[in-house]
Amino acid sequence: MDAVGLNLGNRVPSNRIVINFLERTHSTSFGTYRPQKVDCGKVCSYGNVTLRKQGGSLEVLQCRNSLPEAVSSLEEKYGSGSSARKNLAVFVSGGGSNFRSIHNASINGLIHGDVVVLVTDKPGCGGAEYARDHNIPVIQFPKSKYSLEGLSPTDLVISLRKWKIQYILLAGFLKLIPTELVQAFPRSILNIHPSLLPAFGGKGYYGLKVHKAVIASGARYSGPTVHFVDEHYDTGRILAQKVVPVLANDTAEQLAARVLCEEHQVYVEVVSALCEDRIVWREDGVPLIRSKENPDEYN
């Protein structure tokens with residue numbers, strides 16, 4: 001089989017070498033193919049497809065497979081890039097800076113998903129106002145004893161199903177997630193916590209309380225943790241962490257500001273991996289993030 005352009009979707013990061021399979025239009029029994037760019041990173045062989053680096057391009061040296069088989073082999077390694085965008089629900093109780101970070105990353109193409117609904121226990125909070133300003137529907141949960149508004153856990157599940165939500169992201173949501181929701185969305189709910197769990201987590205550890213406890217303990221390091229959510233506070237499987245040094249003269253506010261900067265980065269990175277189906281589960285139940293650049297490596 002002659003070398004032809006293989007369209008594997010938008011898989012080329014801006015900071016990587018772009019390589020071409022073809023410099024001309026090529027007609028085969030499968031159709032006409034124009035030059036396409038793919039990202040392989042190095043010379044490699046997949047099945048019967050052998051590639052060789054030639055300057056800034058790759059040349060197909062050998063291919064005994066049919067074209068569909070060749071495409072399938074490469075797509076298995078790098079992904080097709082054609083999967084549908086994921087529907088995301090974000091839960092907030094306050095200003096929602098992590099929510100804003102995720103929403104902006106989605107708009108700018110860094111996340112292959114869309115925030116389609118916001119859930120909050122405080123409909124007047126900054127995160128809810130931001131959602132309304134950007135035409136994102138707002139749902140109140142749970143019911144308030146001071147208002148007739150708000151959904152029950154069962155109604156919330158039904159509502160999220162109607163929105164076709166695939167993943168739930170907690171971003172400063174202070175209420176315990178009900179069992180009904182955890183069971184309805186297994187391995188599909190993430191939370192970010194401002195300490196290196198399992199330290200300084202659990203009921204009552206939120207906001208500045210976390211950072212004050214870290215400083216008082218004498219801990220030399222802190223940082224955010226992204227973890228899957230179970231029926232308890234901050235006990236789900238850890239997915240990602242970032243380390244932030246605790247300085248000798250830190251106040252809780254100073255430490256919180258540095259941790260928050262890392263939160264915005266790591267949560268976007270994790271949600272990006274989630275929406276690209278790069279979360280894999282080890283046999284012992286530990287989740288790992290498969291590298292986008294090298295699918296054989298894990299973070």
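When I say helix or strand, I mean DSSP runs (H or I of at least four residues for helices, E of at least two for strands), numbered from the N terminus.

A word on where this comes from. This is a predicted model, in which local features need pLDDT of at least 70 and side-chain atom pairs count only at pLDDT 80 or more, while totals for chains, interfaces and linings use all residues. Residues are numbered from 1 along each chain as its sequence is written, and side-chain values use heavy atoms, with hydrogens and water left out.

Now the overview. The protein has seven helices and 18 strands. Of its 299 residues, 44% count as buried; buried means under 20% relative accessible area, exposed means over 50%, and partly exposed is in between, using a 1.4 Å probe and protein chains only. Take the contacts between residues at least 6 apart in sequence: 59% of them join residues at least 24 apart. Contact here means heavy atoms within 4.5 Å.

Back to helix 2, which covers residues 97-107. Which of its residues are buried? They are N98, F99, S101, I102, H103, A105 and S106. These buried residues pack against strand 8 (86-92), strand 9 (113-120), helix 3 (126-133), strand 11 (167-170), strand 12 (189-193) and helix 7.

Let's follow that last partner. Helix 7 runs over residues 252-275. Two packed helices are described by the angle between their axes and the distance between the axes. For helix 2 and helix 7, the axes come within 9 Å and cross at roughly 45 degrees. That makes helix 2 oblique to helix 7. The axes are lines fitted to C-alpha atoms, for helices over the stretch in contact, and angles run from 0 to 180 degrees between N-to-C directions. As for the angle words, under 35 degrees is roughly parallel, over 145 roughly antiparallel, 65 to 115 roughly perpendicular, and the rest oblique.

The crossing of these two helices is right-handed; a crossing gets that name if the near helix is turned clockwise from the far one by less than a right angle, and left-handed if anticlockwise. On the helix 2 side you will find S97, N98, S101, I102 and A105, meeting L260, E263, H264, Y267, V268 and V271 of helix 7. Those residues divide into six nonpolar, four polar and one charged. Nonpolar covers Ala, Val, Leu, Ile, Met, Phe, Trp, Tyr, Cys and Pro, charged covers Asp, Glu, Lys and Arg, and the others, Gly among them, are polar.

Helix 7 has another partner, helix 6 (residues 208-217), packed at an angle of about 110 degrees with the axes 9 Å apart. That makes helix 6 roughly perpendicular to helix 7, and this crossing is right-handed too. L208, H211, K212, V214 and I215 of helix 6 make the contact with A252, E253, L255, A256 and V259 of helix 7.

Look at A252 for a moment. A252 is buried, with a relative accessible area of 8%. Leaving out residues up to four places away in sequence, A252 touches L208, H211, K212 and I215. Further along helix 7 is S272, which counts as buried at 10% relative accessibility.

What about the interior? The largest nonpolar core has 33 residues, and those with the most contacts inside it are F99, L169, L190 and Y267. Helix 7 gives the most to this core, with eight residues. A second, separate core of 21 residues includes I139, L156, I165 and F185. By nonpolar core I mean a set of buried Ala, Val, Leu, Ile, Met, Phe, Trp, Tyr and Cys residues joined through side-chain atoms within 4.5 Å.

I'll end on some backbone details. Most residues other than glycine have a negative phi, and most peptide bonds are trans. D277, in the loop between helix 7 and strand 17, has a positive phi of about 60 degrees although it is not a glycine. D277 is partly exposed, with a relative accessible area of 42%. Which peptide bonds are cis? One runs from F141 to P142, with omega near -5 degrees, and another joins L197 and P198, with omega about 10 degrees.
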